[in-house]
Amino acid sequence: MALSLEEVRRIAELARLRLSEEEERTFAGQLSAILDHVRQLEELDVTAVEPMTHALAAGELPALREDAVRASLPPEEATAAAPAREGTAFKVPRIIE
Amino acid sequence: MSTPAKELCRLGLREAGAGVAAKAISSSELVEASLARIQATDGKLGAFLAVSADRARAAAKAADARAARGERRSELDGVPVAVKDIFVTKGVPTTAGSRILEGYLPPYDATVVERLEAAGAVIVGKLNMDEFAMGSSNENSAYRPCHNPWDLSRTPGGSSGGSAASVAAGQVHASLGTDTGGSIREPAAFCGVVGVKPTYGRVSRYGVVAFASSLDQVGPLAREVGDAALVLRTIAGHDPRDMTSSTRPVDDYLGPLEEGARGLRVGVPREWLSGGLDAGVEAAIRAALDTYRRLGATLVDVSLPHSKYGIGAYYLIAPAEASSNLARYDGVRFGLRAEGAKGLKEMYAESRERGLGAEPKRRIMLGTYALSSGYYDAYYLRAQKVRTLIRRDFDEAFRSCDVIAGPVTPSVAFRLGERTGDPLQMYLADIFTITCNLAALPGLSVPCGLEAGSGLPVGLQLVGRPFDEATLFRAARALERELGPLPAPPEP
């Protein structure tokens with residue numbers, strides 16, 4: 001199955017990726033080859049099969065913890081790695097003109 | 001009394017720890033020997049992305065002070081180890097092999113880092129890896145290539161390439177890696193060390209940079225089976241900060257370690273030995289199976305009929321989850337931000353363009369496509385159903401055997417650059433390891449000899465029932481004891 005350049009651009013837009021024209025062409029070819037391989041799964045009849053939605057059996061999962069207030073990272077530390085901030089807020093480019 | 005530094009570096013983890021406790025060697029000597037070895041060899045090897053010498057020396061001093069008082073935190077107290085750069089370390093740069101996290105200083109430690117340090121282990125640095133753990137050769141590291149200590153022109157495997165290379169070359173006594181589709185077992189096999197992918201949920205992933213959340217698991221690499229067992233015992237167990245970590249108690253892995261293979265039923269999946277394997281690898285695997293028989297185990301023919309669909313299911317599920325996990329790298333909360341972008345959307349796209357390499361972009365694209373409107377049922381949902389079929393195959397096989405044995409990889413370590421042009425070819429290297437992740441089972445790679453001709457290590461894969469790591473260690477140890485240790489790789 002060949003992915004068109006148009007589809008590649010649409011996916012890149014959804015994924016918030018900017019691709020060069022060369023990357024668009026390379027990915028169109030490579031992703032098509034991978035999807036062709038994946039197509040093999042269509043040989044299987046899975047209509048009566050439940051999807052594996054969790055890797056652990058129900059009894060192996062921890063119970064939900066109590067919804068109680070606990071200590072966590074101070075805002076100053078939690079935001080320290082941000083490329084731009086004001087106080088303990090993340091700073092981003094203007095969204096609405 | 002002073003042991004030459006090189007000999008100190010070849011000591012096993014438990015041996016080194018016992019030496020510190022007996023005050024025959026000091027933690028400082030071990031750490032200095034490790035740092036000197038990294039200094040001497042890593043220019044050629046490329047196993048480390050960062051070395052934290054000051055922090056390691058301080059920790060070694062503290063360990064020596066404990067030993068002087070007769071205190072011992074654990075069997076690995078005072079011993080130098082290293083961790084893949086995917087584990088966050090408070091105040092120590094953590095990149096996950098990506099430019100988008102260059103210079104990132106995490107505000108907390110991963111649970112496994114905390115547990116290693118609480119046990120007294122000295123972390124000397126952060127290890128090289130494929131960007132965001134995506135790769136099978138470590139060639140997707142955004143920083144530097146990593147080489148196989150057995151042959152510097154070959155890959156150490158990936159994505160935990162640095163974790164395997166550093167242990168094989170004697171830079172550290174053990175390391176931690178992560179395994180999403182084979183990323184601990186494949187490099188362990190290529191570098192001739194022991195590598196363990198525990199059951200999904202056995203080890204906390206709090207503070208592990210996420211790739212594919214339904215598959216990722218943390219595990220140890222070491223030169224001896226018992227050393228790997230000790231590290232897993234140290235890091236395993238429930239962590240309230242990770243909702244996917246199991247509350248099951250952790251088994252005693254070291255107790256039954258020497259019980260041998262007598263009476264063990266070893267399942268051999270016929271699909272794993274029917275073509276597609278290099279002759280030298282197949283010969284080594286068959287010889288290992290014969291060894292088990294000689295040791296009193298019974299070989300059982302089993303079938304995993306859906307094995308061949310593993311790659312297809314994996315390359316939908318893992319990219320789909322990655323596309324979601326990697327959405328957080330947008331230039332807002334941490335990591336690289338493209339300056340001067342006009343609006344928010346442009347800032348996201350430009351930051352990601354500059355910060356992410358080809359492989360993460362490729363997988364984000366694939367995953368976004370598979371999850372996009374109109375394709376979800378055909379791709380992601382179908383793959384999750386195939387995953388159920390793969391798990392059922394294993395459940396059925398384990399009715400007649402205790403452990404499953406087969407190859408880790410179709411070939412020994414391949415050459416750097418050999419597969420970088422063809423992603424699908426690279427993905428196919430994971431064919432034997434991937435089903436174990438999809439089925440959430442524990443898997444282990446143990447050296448089973450050197451390939452005739454190339455002289456490169458071959459790994460035997462053992463897969464166990466859920467949470468039955470103890471049987472994997474016992475079976476791997478029986479083989480290790482019989483075959484004896486591999487020779488050390490040549491000096492880099």
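The structure is a predicted model, so local features need pLDDT of at least 70 and side-chain atom pairs count only at pLDDT 80 or more, while totals for chains, interfaces and linings use all residues. Residues are numbered from 1 along each chain as its sequence is written, and chains are lettered from A and ligands numbered from 1 in the order in which they are written.

Chain A contains three helices and two strands; here helices (H or I, at least four residues) and strands (E, at least two) are DSSP runs, numbered from the N terminus. Along the sequence, the elements of chain A come in the pattern α-α-α-β-β. The C-alpha trace of chain A spans about 50 × 50 × 25 Å along its principal axes. A compact globule of 97 residues would have a radius of gyration near 13 Å, but chain A has 23 Å. This radius is taken over C-alpha atoms, and the globule rule is 2.2 Å times the number of residues to the power 0.38. Of the 97 residues of chain A, 16% count as buried. A residue is buried if 20 or more other C-beta atoms lie within 10 Å of its own, exposed if 12 or fewer, and partly exposed in between, with C-beta atoms placed from the backbone.

Chain B has 16 helices and eleven strands. Its C-alpha trace spans about 65 × 55 × 45 Å along the principal axes. For 492 residues, a compact globule would have a radius of gyration near 23 Å, and the 21 Å of chain B agrees with this. In chain B, 64% of the 492 residues count as buried. Contacts tell a further part of the story: two residues are in contact if their C-beta atoms, placed from the backbone, lie within 7 Å. Among the contacts in chain B with a separation of 6 or more, 76% come from residues 24 or more positions apart.

The two chains also touch each other, with 40 residues of chain A in contact with 57 residues of chain B. On the side of chain A that touches chain B, α1, α2 and α3 (75–78) each supply at least two residues. Helix α2(A) gives the most to this side, with seven residues. By class, the residues on this side of chain A divide into 30 nonpolar, four polar and six charged. In this scheme Ala, Val, Leu, Ile, Met, Phe, Trp, Tyr, Cys and Pro count as nonpolar, Asp, Glu, Lys and Arg as charged, and the others, Gly among them, as polar.

Two packed helices are described by the angle between their axes and the distance between the axes. Axes are lines fitted to C-alpha atoms, for helices over the stretch in contact, and angles run from 0 to 180 degrees between N-to-C directions. Angles under 35 degrees count as roughly parallel, over 145 as roughly antiparallel, 65 to 115 as roughly perpendicular and the rest as oblique. Helices α1(A) and α2(A) pack at about 105° with axes 9 Å apart, and they are therefore roughly perpendicular to each other. Their contact is made by A:Leu5, A:Val8 and A:Arg9 of α1(A) and A:Glu24, A:Phe27 and A:Ala28 of α2(A). In chain B, the axes of α8 (residues 225–235) and α16 (residues 469–483) come within 9 Å and cross at roughly 160°, so α8(B) and α16(B) are roughly antiparallel. The residues of this contact divide into five nonpolar, one polar and three charged.

Helix α12 (residues 358–371) of chain B has 14 residues and reaches 20 Å from its first C-alpha to its last, close to the 20 Å expected at 1.5 Å a residue; the expected span is 1.5 Å times one less than the number of residues. Twelve of the 14 residues of α12(B) are buried. These buried residues pack against α1 (5–14) and α2 (21–38) of chain A, and against α10 (310–325), α13 (377–397) and α14 (423–427) of chain B.

B:Val88 sits in the loop between β2 (80–84) and α5 (111–118) of chain B, and counts as buried because it has 23 C-beta neighbours inside 10 Å. A:Arg94 lies in the segment after β2 (89–90) of chain A, and counts as exposed because it has 8 C-beta neighbours inside 10 Å.
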